[in-house]
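Please consult the sequence and structure below.

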Amino acid sequence: MAKVEIYTWRTCPFCVRAKGLLDRKGVSYTEHPVDGDEPGRDFMAARGDGRRSVPQIFINDRHIGGCDDLHALERAGELDPLLDA
């Protein structure tokens with residue numbers, strides 16, 4: 001099973017939506033809350049092509065992007081192969 005990481009804020013509706021998709025698929029993931037954690041957010045941005053918005057999602061250390069990117073992969077049928085890798 002793939003290593004999935006998601007950087008989130010507690011009150012972010014896009015974070016909730018992205019985690020909901022992963023939960024529905026039964027995917028285990030590590031959540032990194034960055035609420036008020038500027039060093040954590042800087043680290044996330046360094047990993048994620050400078051993107052500071054949340055969520056930022058990584059599968060097997062590959063930057064996937066945010067919530068819309070995750071759902072686009074799902075619609076295209078490309079998410080499951082990444083998760084099975």
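In this predicted model, the buried residues of helix α3 pack against α1 (13–24), β3 (56–59), β4 (62–65) and α4 (79–84). The points below begin with α3 and then turn to the whole chain.

**Helix α3**
- Helix α3 spans residues 67–75, and its buried residues are Cys 67, Leu 70, His 71 and Leu 73.
- These residues lie on the same side of α3, because they cover an arc of only 155° around the axis.
- An α-helix has 3.6 residues a turn, so residues three or four places apart point the same way.

**Fold and dimensions**
- Four helices and four strands make up the secondary structure of the protein chain, and their order along the sequence is β-α-β-α-β-β-α-α.
- The radius of gyration of the protein chain is 12 Å, which agrees with the value near 12 Å that a compact globule of 85 residues would have.
- Along the principal axes, the C-alpha atoms fill a box of roughly 35 × 25 × 20 Å.

**Burial and contacts**
- Of the 85 residues in the protein chain, 44% are buried.
- Among contacts with a separation of 6 or more, 55% are between residues 24 or more positions apart.

- The protein chain exposes about 4700 Å², of which carbon and sulfur atoms supply 51%.

Notes: Residues are numbered from 1 along each chain as its sequence is written. This is a predicted model: local features need pLDDT of at least 70, side-chain atom pairs count only at pLDDT 80 or more; totals for chains, interfaces and linings use all residues. Side-chain values use heavy atoms; hydrogens and water are left out. Helices (H or I, at least four residues) and strands (E, at least two) are DSSP runs, numbered from the N terminus. The radius of gyration is taken over C-alpha atoms; the globule rule is 2.2 Å times the number of residues to the power 0.38. Buried means under 20% relative accessible area, exposed over 50%, partly exposed in between (1.4 Å probe, protein chains only). Contact means heavy atoms within 4.5 Å. Accessible areas come from the Shrake-Rupley method with a 1.4 Å probe; for residues, only the protein chains shown count as cover. The arc is that of the directions from the helix axis to the C-beta atoms.
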